[in-house]
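Me: Please walk me through how to read a disulfide and a sheet in a model. Start with the general idea, then turn to the case at hand.

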Amino acid sequence: QVHLVESGGGLVQAGGSLRLSCTASGLAFSDYHMAWFRQAPGKEREFVASITWTGNAVYYTDSVKGRFTISRDSARNTVDLQMNSLKPEDTALYYCAAGAITRNPRNYNYWGQGTQVTVSS
């Protein structure tokens, strides 16, 4: 059974940093593209960043470019999201997903339960 478990969320002031981590089990992690999505209350789930199974290519939504960095460690089966210069509009439930590289959440096979990120102004 596949499990994706996110951690690292919390409350931070605007301009601060957080590092999210997703630990995967039950799948051949090194064979999967991985991604982070987020969903704010009343809004649709939004693509944040993705990384190929090799780690050689990464993609970001425009609003986080230059502030967020996605990375993976296949030895630890983890994918991280380093978030710097956080803004109140980054407040959302952040999800880890596996199985695709695209921005469409419907293309992903597996999802975690999410970790809350709240940025105060």
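**Disulfide and sheet**

Me: Is Cys22 buried or exposed?

Reply: Buried means under 20% relative accessible area, exposed over 50%, and partly exposed in between (1.4 Å probe, protein chains only). Cys22 is buried, at a relative accessible area of 1%. This is a predicted model, where local features need pLDDT of at least 70 and side-chain atom pairs count only at pLDDT 80 or more, while totals for chains, interfaces and linings use all residues. Residues are numbered from 1 along each chain as its sequence is written, and side-chain values use heavy atoms, with hydrogens and water left out.

Me: Which residue does the disulfide join to Cys22?

Reply: A disulfide is a covalent bond between the sulfur atoms of two cysteines. The criterion is a pair of cysteine sulfur atoms within 2.5 Å. Here Cys22 is joined to Cys96, with S to S 2.1 Å. The link is left-handed, with -75 degrees about the S-S bond. Cys22 lies in strand 3 (residues 18–25) and Cys96 in strand 9 (residues 92–98), 74 residues apart. Strands are DSSP runs (E, at least two residues), numbered from the N terminus. Cys96 is buried as well, at 0% relative accessibility.

Me: What is the order of the open sheet of 4 strands?

Reply: Strands of a sheet pair through backbone hydrogen bonds, either parallel or antiparallel. Two strands count as paired if DSSP finds at least two bridges between them. The order is 1-3-8-7, with antiparallel pairing. Strand 1 (3–7) and strand 7 (68–73) are the edges, each pairing on one side only.

Me: Over how many bridges do strand 3 and strand 8 pair?

Reply: Strand 3 and strand 8 (residues 78–83) pair over 6 bridges, in the antiparallel sense. Leu18 has Met83 in strand 8 as its bridge partner.
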